[in-house]
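Please look at the sequence and the structure below before reading on. The report that follows takes up the parts step by step.

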Amino acid sequence: MSVRHVLTTCPYCGTGCNFFLQVVDGRLTSVVPCKTDEISLGRLCIKGYNAHAFVQHADRLMHPMIREGGQLRNASWDQALDKIVRKLKAIKEKHGPDSIAMLASAKCTNEENYLFQKLARAVIGTNNVDHCARLCHASTVTGLLHSFGSGAMTNTIPEFDNADCIFVTGSNTLEAHPIIGSRMLRAKEKGAKIIVVDPRDTPLSRISHLYLSQRPGTDIAWINGMVKVIIDEGLVNEGFVKTRTTAFEELKEAVKDYTPEKVERTTGIPKEKLIEAARIYAKADKAMLAYAMGITQHSNGTDIVKGLANLAMVAGHIGKESTGVNPLRGQCNVQGACDSGGLPNLYPGYQRVDDEAVRAKFEKAWGVSLPAKPGLTLTSAINEAASGRLKAMVIFGENVMISDPDLNHVEEAVKKLEFLVVSDIFLTETAQLADVVLPAACYAEKDGTFTNTDRAIRVLRKAVDAPGEARADWVIACDLGRKFGSNGFGFSSPAKIMAEMTTVTPIFGGISYEKIDSKVVRWPCPAKDHPGTRILHTQKFTRGLGLFAPVQHAPPAEVVSEEYPFILTTGRNLFQYHTGTMTRRSPKLEREAPEPYVEINRGDAKRLGIGDGERVMVSSRRGSITLKARVTERIIPGTVFIPFHYAEAAANRLTNAALDPISKIPEFKVCAAKVAKA
Amino acid sequence: MNDLGKKLARLAFEERGADFLLAMREEHGNVAPAMVSKGEDVGDVRLEVPYQLVTILENIYPWISKGKIAIITRRCDEKALAELAKRKYVDDKRIIKIGLACTEEQIERCRCEDPVPSHVDVGEPHAAVKGDELSARLAKMSQEDRLAFWVGQYKKCNKCFGCTLTCPVCFCDDDCVLEERTFVAEPSIPPGLSFHMVRSYHMIDKCIECGECERACPAEIPLLTMRKLLAKDMKEVFKFAPGDEKTVSPLNTTLEGELMGDECDEC
Amino acid sequence: MAEFNPTILAFCCNWCSYAGADLAGVGRLQMPPNIHVIRVMCSASVKPEYVLKAISGGVDGVLVLGCHIGDCHYMTGNHRTAKRMPLVQKVLKEVGIDERRLRLDWVSASEGEKFQKVVTEFVGEIKNLGPNPMREVKW
Amino acid sequence: MPRIGVFVCHCGHNIAATVNVEKVIEFAKGLPDVVVAEHSLYSCSEEGLGSIRKSIEKNKLDRVVVAACTPRTHEPLFRKACEMAGVNKYLFEFVNIREHCSWIHTKEPDPATEKAKKLIAMGVAKAGLLEPQKEAESNVIPTAVVIGGGLTGLTAAASLVAQGIDTHLVEMSGKLGGVLGEIEIIGPEFSRSKELLDELVNDLKASSNAKIHLDTRVTAVSGFIGNFEVTIETKGKSEKIPAGAIILATGATELAPTGEYGYGSIPGVITQLELERRLAKGDVPKRAVFIQCVGSRQPGREYCSRVCCNASLKNALRIVEAEPNSSVSIIHRDIMSYGTASERLYKEASDKGVVFLRYGLERPANVTQKQKGLVVEVYDETIDENIDIDTDLVVLATPMVSREDARDVAKLLKVPLDKYGFFLEAHVKLRPVEFATDGVFICGSARWPSSVSECMGQGLAAAAKASIPIRKGKVVVEAITCWADADKCAACGSCVIACPYEAIEIVEEEGRRYAKVNETLCKGCGTCVASCPNDAMQQRGFTSRQLSSMIDALIKNAMEET
């Protein structure tokens, strides 16, 4: 009889809570919080407490499968891997390496993502490697890279405790990042002012001191409005702006027309509230700005992010304890997947593929010549597939058939592919379309590391064996690499992979398994003796001087019309996670939020004669879904909200794939829709 | 194995004939609950972090078909074990209690009025704390302010169920009514007042005031204070306090004979 | 502002208090129209959760009526009611809701007048207490 | 989706004069799952019931809500109507808008109408969640067990046997007759007890249905109405008797004085029963003093034993009649010779020279021994002076008290005792000679000190009640019993403690422990339901979801209104 408590990292949001998986004779029996964990302080959210529930679920994929005569049939690993290599080689011969795209995964470890991109670049010979960060924080990466030179949280999660102003926008923190939310509650108990700007009345906005509710798609307007108030009222942090930033004049010019009155007309935010918010934020000694998808998922997401950077810099709220700009990353390793080079234009550690010197370094390290041209983004890849130019995709642990915008279009594209490989833990909607399906091990069944949203390298420790023949993705990647005849994949453990990664990734330079086993280390950690970095941009910005960006409000790609009078916005709820493959197989989570729903304002509902709990049809120019109405005051009139977790009424059948020109992030947060009784 | 580890190994396995030891030890720079079998290395035991071992015992007990289990028990853990034994969730004869006296700082944090286990094996006994500061404040408040206070606290509830999952005497985990819609209304978060009042009522004849719910609460709601207030009421009304294996909850028993047999003269 | 018109829920046991309420009806004993009776077989089957749910939901007062002690159709069923409800009142009190919003009383099958009296008194008391504050709370 | 029909009754003017039925019906039509809402002048009339049946068929209703009077009188009628239309009778829900609304708010038509709406909304909400039920039926073993071979037990047994019911009579002593066996003459009509007892005993002995067990004790009772198993033990060997009903007639005993009035120390101070034995032997005293209420109607034993006064009167008369110049006094606190015949005895006694003296509890008589006989010194309240009475014999009229083995018997049968140790029937007026536990009946002095005629009356009553299930051959339990959801149950045992009928036990299956309700023992009080922390315990027709939905309906309608 053996009972073990294995310390590992939560597979859900990007907070990176550590907890113990309780294992009794190989059976996962429960999750026990880790009281000494610096991030979670021994507190978990309901998803964390249920993180064991799906692992040993009967639906887990146990064997590789190959499509024969339209049917997926069990196959041996060799058959499956050989088929993949054979097909990909053939396609590469015929159409060139760029006709193949690979999706890395925000749910896989740093080590695995490093191998995925290495596989794409060094073996297949294309930079066509991307992952779902494209759908969440791509605009953060581009935006903050532009303004600061680095696209990650500038501060750490524990620092929220001691802020005296917490400014949250586009983040339903208590539902999407509950344990970060709990830090905000702590700060509030200590007297911090909480300001929330969000079209939706969220659990956090309900306990905030000041709640500003803007029309979706008008973010730059209120941001510039606040910047103007700060300038006009002489609240600018002159010293900081002078010594640490550049292009302040351009900013002044850019915001001059954003008077509170004008902003009120555009955004619906009462001018008094805007002014008060600006004063509280600017005057605060320690101000943490936090944001998430509500800011990034717009066709001008990069600009909005730059706008927030402007706001922080005019107030000088960056580079200090409990003071900074904090994009909250939504998945366990979305930060790490970016760090490890799962991006078409960047090698591990945000090194540009079109930088000669960098490329030379990698060619030397990997012993191959590498493509110079940045690859396709996830969203462009879908379009290329639709147009028939992209022939094959290899997808590790992503479920584009639920998570991507305009699913009807995605489905058409994916079906056009000549060859599709999916590696996952369940037979997802995407895997169901694959030619080869590979059974993967999940977080509880392997070693490795995640980088959480505050850049801490969190350790995964194997608690139980994977079911059936399932293998860890790093093993699968190594197998593929070897079968392709490459000798750069002879890794015997994740530790060895990390060892290679650190040699070519300066921000990870000082990371080693020994070092992180008992200590929380945050990148940048350039050297063995370096303790890691808690706060970014303390002395100077990564890019040198902080760059103000003159951004202007632009209407969303799709605006309401006679026929589509509602603004549809999408997001998460507390109990489900992404496409639900894990949470919907966790009984307690499913019991809390078992079915799709659309939140609609009481007034609108009354007008349309829709009662609470009645079934309605929501349609956009791209499709329609039928689901239950949740009549509430918590959403402003004219706007409806749908969580995107539910395959049976996938919000993304409606969403607009309009892309931000720079980051290529789609506009999940705004599209025009109509609602009618079903 | 540190000295404490050696001491516990001797106590549990040699002196008291245990087959397993449930304690806390250092792992990966953290403190972890650990279930060690006789003969295994106990490791570097750390007892200053108050893991609720009884809850862990309750979870794993069904899988452990035989053998004696030694467990680190604070005073509240003793009471929790009594409540479990009372309901036959654990067999007293298979449990070996290794008494741990709480530190002053822990007693302070729990506002604990009964901190010393019946038998102390580890740690120095410290004096009890008299009363709970917040309780006193609430007592002085007007009814309106009291409601405002608790509603304000409960609004922070994010329905993680940490309070029920970590509770050693909360035993319906798999089908807690709080997870259902019968008594707890939509919308699901915050779950509203009935969620917390129903739990308060359910705990009223069980809570042994270990404070784990409060420690586990991400919203830092002063749950232990509410427990303490109701424990006081329970004592007032029925002179009953949970934690004694021989007593039965008064909620389901008759009015012990009083008035029994009197007939109704009206009908 | 219109006069406060409380909403009151009453649980009556089938054998005594419900019969007592019937008797009040037969006797045309007039009382305020605020109470809404749910019939249960024994007052001891009234789950405290019902009371807590009702009060949380804004119901202004809850009456739990059973047979007199010793007269319970189920021997000692109502003994449990007599012990549980005072604790439910404590739960209300501690959270800041007036415990008088819950009242436990005994009405036998022959006590039509007593039923009238209890209801009239209770409605009066709740009117004095005013609306249940939970009506105003927005979660 | 349930299909609910709502039928609102005018009850002539009884409801319609106060409640605006039309408005209520309009409201009802808008309630969830309501397919049709109709009204009728008198729903309980033949055409009323007929139209409900038609509507059920026409609209394919699977739930029926009738808003009319009280379920306590009319529910069976409407349930029957539902059944006739093919709807399980447990899918019917009654809303009381007469007794609980129109009749008590006659002067407030509008509020009454609003209230009626809410009550119906609540009823409809519950109806939507109702589930069809099957009433549990079990066969009845056509055998009765009578415990106690005294007059009461013999009477009951004889009556059962006379109905052709197999009957086991269990007597712990070696002979039948009980207390009456020690008494020769029965008052007030001075008949001989022997004739009465012999007749009963011979009837039994003659019958092939009767089986008499002497020197036998009941050691265990298990099962439930129709299906008991009574274990008896005769001289060390035990036997199991399957039985459908059990009659308890264990009687009572005379209180043995504890030294009062020199009892035990002064020869010639005896109890009533001791006197009976002497008289039976023809040993008649010349002088006798009866002292009443010795040990009864006093703190600790407040009750009146009811038989002692008549016994003293009877025996006083026997003495004065046997001994023309005898002197007999009765010292009493009140003479309780209730009823016509006994009152006649009292008059006759005083006519024939029996002296009655009244004493008070605070100044009891005092008995002393002189060389020639005894002297009873008593303070007579009526003439306010002390009187000395010379006598040969002092008879202490002590009360009948419960047998000291009553508690054990009560445990065996799971039936209650009152504070004096007498058996407590389900309800003195509503359910005499029955216990709350179905199938077990109580009669005779075990229930309360009773006279010969009362004992026989109760014996016959118990026999009649006991024969009902046996004659029917089946027992049906109304489907309001409780059950435990085994998957939810955490086996905390609260319900086991709570159940007044000990109908619940924790069982173990495949290593899982959970509560199990014996639904034939369950009376459907639901005490267990309220004791269950995780809502695993449910009562048919009153599930927590059903009642909660009523609360939700009330909240919804009330809060929207305000």
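How far apart do the C-alpha centres of domain 1 of chain A and domain 3 of chain A lie? They lie 31 Å apart, where the domain bounds come from an automatic or database domain assignment. This is a predicted model, in which local features need pLDDT of at least 70 and side-chain atom pairs count only at pLDDT 80 or more, while totals for chains, interfaces and linings use all residues. Residues are numbered from 1 along each chain as its sequence is written, and chains are lettered from A and ligands numbered from 1 in the order in which they are written.

**Domains of chain A**

The division of chain A gives domain 1 (83–123 + 345–517), domain 2 (138–328) and domain 3 (566–677).

**The core**

The largest nonpolar core has 556 residues, and Ile166(A), Leu22(B) and Ile247(D) are those with the most contacts inside it. Such a core is a set of buried Ala, Val, Leu, Ile, Met, Phe, Trp, Tyr and Cys residues joined through C-beta atoms within 7 Å, and a residue is buried if 20 or more other C-beta atoms lie within 10 Å of its own. Leaving out residues up to four places away in sequence, Leu22(B) touches several residues, including Met35(B), Leu53(B) and Ile72(B).

**A sheet in chain D**

In chain D, four strands form an open sheet in the order S2-S1-S3-S4, with parallel pairing; strands, which are DSSP runs (E, at least two residues), are numbered from the N terminus, as are helices (H or I, at least four residues). Two strands pair if DSSP finds at least two bridges between them. The edge strands are S2 (34–40) and S4 (92–96) of chain D, each of which pairs on one side only. Five bridges join S3 (residues 63–68) of chain D to S4(D), and Ala68(D) stands opposite Asn96(D) in S4(D).

| Helix | Lies across | Angle |
|---|---|---|
| H2(D), residues 21–29 | S1 and S2 of chain D | about 170 degrees to S2(D) |
| H4(D), residues 71–84 | S3 and S4 of chain D | about 145 degrees to S4(D) |

How values were computed: Buried ≥ 20, exposed ≤ 12 C-beta atoms within 10 Å, placed from the backbone. Contact = placed C-beta atoms within 7 Å. Axes fitted to C-alpha atoms, helices over the stretch in contact; angles between N-to-C directions.
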